[in-house]
Every structure is written in C-alpha cells, then in structure tokens.
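Please read the points below beside the sequence and the coordinates.

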Amino acid sequence: MTGRRRSPSSPDGRALAVGHDSGTVRLWDIASRRLVRTMMGSRVIVYVAFSPDGRTHACGSGDNTSPLTHLWDLTTGHRSDLPGSGWVTFSPGGRFLAVASGGNQLWPWELPHRRRRAMLHVADRTDFVAFSPYGKTLACGGGEINY
C-alpha cells in the first residue's frame with residue numbers, strides 16, 4: 001500500500017480508514033477485507049479519525065496548499081469542509097473536533113454547529129493533539145526531532 005499514512009479503525013472495530021498521498025481515503029470492511037467506499041479529499045491525506053459513534057470520519061492534510069479538514073457522514077457519503085488542516089481528533093463525546101495546524105495554531109470546532117470555538121496560538125509547532133478522557137482538557141505537542 002504505497003502512500004499509506006495513518007490507518008485507524010472505527011470504534012466498533014469493523015472498518016478501517018486508510019489515507020493516501022493521492023488525496024483519497026479508502027474505507028475497508030475488516031472482516032471481509034472488502035473496499036466499502038473511496039472518499040476523495042484534498043492532496044496528501046495524512047491524518048484520519050472516526051467520531052466516537054462511528055458515523056463521521058474526519059481527515060486532514062499535511063499539505064498547506066490545500067488547508068481544509070474534510071468531514072464525511074458515513075451514512076450518506078456527504079462531505080463537508082472546515083477551514084484549516086492538520087492532525088485531527090474527536091472529543092470523547094464527539095461534540096468537538098480539534099485540528100492541529102502543524103504550525104503554531106490549534107482549532108477546536110464545535111461540530112453540531114460547525115463553529116470554531118477558538119483559535120489557539122501555542123509557543124511551538126503543533127503536530128499532535130488529544131483530548132483528555134472526559135473531554136475537558138486539550139493537549140498538543142510537536143516540534144523537531146534532531147538525531
């Protein structure tokens with residue numbers, strides 16, 4: 001699988017999403033090993049995540065020339081976009097989506113209303129973001145690794 005980036009499974013463990021350099025996300029049924037759906041996104045899909053209920057799929061690009069986060073309703077296949085792109089993660093209840101820019105910005109989105117709750121500026125590069133288990137704290141990290 002050339003170009004594969006990050007491949008999380010759905011919360012029920014039945015589906016696998018694979019982001020590709022081509023801008024596609026392929027959704028696979030794990031048990032049957034069959035391709036369920038191919039979703040077209042921006043260029044270079046690097047970060048993918050399922051909502052906790054498994055009904056929404058988010059993906060972000062590591063390519064700043066197309067800074068959009070894509071959200072797919074997995075029931076209907078409908079795609080909607082949010083400004084900004086990078087590492088994506090859902091809050092435990094699925095109400096919020098956090099997007100780390102790969103620069104020094106972090107965007108928490110309230111999903112039911114597609115409303116950005118803030119634009120947070122951090123001191124260093126934000127490559128990763130995570131919610132605490134109860135969803136009340138948002139942590140980010142990143143920076144350069146020099147060997």
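1. The largest pocket has a volume of about 240 Å³, where a pocket is an open set of points on a 1 Å grid over the protein atoms alone at which a 1.4 Å probe fits, with protein on both sides within 12 Å along at least five of seven lines, and a volume is the space filled by probe spheres set on the points. The lining comprises 13 residues, of which Ser10, Asp12, Arg14, Ala15 and Leu27 are the closest to the centre; a lining residue has an atom within 4 Å of a point.

2. This is a predicted model, in which local features need pLDDT of at least 70 and side-chain atom pairs count only at pLDDT 80 or more, while totals for chains, interfaces and linings use all residues. Residues are numbered from 1 along each chain as its sequence is written, and side-chain values use heavy atoms, with hydrogens and water left out.

3. Serine 51 is buried, because its relative accessible area is 3% and buried means under 20% with a 1.4 Å probe, protein chains only. The side chain of serine 51 makes a polar contact with the side chain of aspartate 53 at 2.6 Å (a pair of N or O atoms within 3.5 Å, one able to donate a hydrogen and the other to accept it). Beyond its neighbours within four places in sequence, serine 51 is in contact (heavy atoms within 4.5 Å) with Pro11, Thr56 and Phe90.

4. Across the chain of 147 residues, 41% count as buried, and residues 24 or more positions apart account for 31% of the contacts with a separation of 6 or more.

Notes
Buried means under 20% relative accessible area, exposed over 50%, partly exposed in between (1.4 Å probe, protein chains only).
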